[in-house]
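Here are my notes for a colleague who is opening this entry for the first time. Please read them with the structure in view.

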Amino acid sequence: MLSLLKKHFHLVVLLIVTISLRLTYLGYSDYVQDEVSTFFYWGGMKNATMTAFEFLLNEHKGPLQVVIGYIPRVIIGNYDNTFAQRLPFALFGIGAVLVFYYAVEKLTKDASLAFISAFLLSVNGLIVGFSRIAQYQNLLFFFT
């Protein structure tokens, strides 16, 4: 176990920092204006006569953010829990840092360089901010 920890020390440190920055006080405030655009028919603000398919095609951003944002609503029953609504997007933000780490490590074959690169991405204020709200940027970081 100790030899495994030594071998993956960089990855453990990266995970601790990344997770703590993204999950601490995740439900700290009300939604920001852009977050409600991830809600499917939230508060009757959208045209409720549309089918779900029509609604997703009329969105200005990718439909995956609406689908991901709908999962906590199905589990909780409403959009009132800010922590539950932001959690899937924060998990994608955490995953994006890990994907970036492994991509750099594979391209450079240097774990130290991968750690430094992913650590800088992980502590970047803009990236941390986007990873703490329910928005499509987390999905872009993860899938690109």
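1. A residue is called buried when its relative accessible area is under 20%, exposed when that area is over 50%, and partly exposed in between. Tyr102, with a relative accessible area of 43%, is therefore partly exposed, whereas Tyr101, at 4%, counts as buried. Please keep in mind throughout that this is a predicted model.

2. The rings of these two residues, Tyr101 and Tyr102, have their centres 5.2 Å apart, and because their planes stand at 80 degrees the pair is edge-to-face. A search of the whole structure finds five aromatic pairs.

3. Another aromatic pair is formed by Phe92 and Phe143, which is tilted, with 6.0 Å from centre to centre and 45 degrees between the planes. Since Phe92 belongs to helix α5 (residues 82–108) and Phe143 to helix α8 (residues 137–143), this pair ties together parts that are 51 residues apart in sequence. Phe92 counts as buried at 19% relative accessibility, while Phe143, with a relative accessible area of 54%, is exposed. Together with Phe142, Phe92 and Phe143 form one aromatic cluster.

4. The side chain of Ser131 reaches the backbone oxygen of Ile127 at 2.9 Å. Leaving aside residues up to four places away in sequence, Ser131 touches Arg22, Phe89, Ala90, Gly93 and Asn138.

Note on methods:
Residues numbered from 1 in each chain as written. Predicted model: local features only at pLDDT ≥ 70, side-chain atom pairs only at ≥ 80, totals over all residues. Heavy atoms only, no water. Polar contact = N/O pair within 3.5 Å; in protein donor to acceptor, adjacent residues only side chain to side chain. Contact = heavy atoms within 4.5 Å. Phe/Tyr/Trp six-rings, centres within 6.5 Å; stacked < 30°, edge-to-face > 60°. Helix = DSSP H or I, 4+ residues; strand = E, 2+ residues; numbered from the N terminus. Buried < 20%, exposed > 50% of the residue type's maximum accessible area, 1.4 Å probe, protein only.
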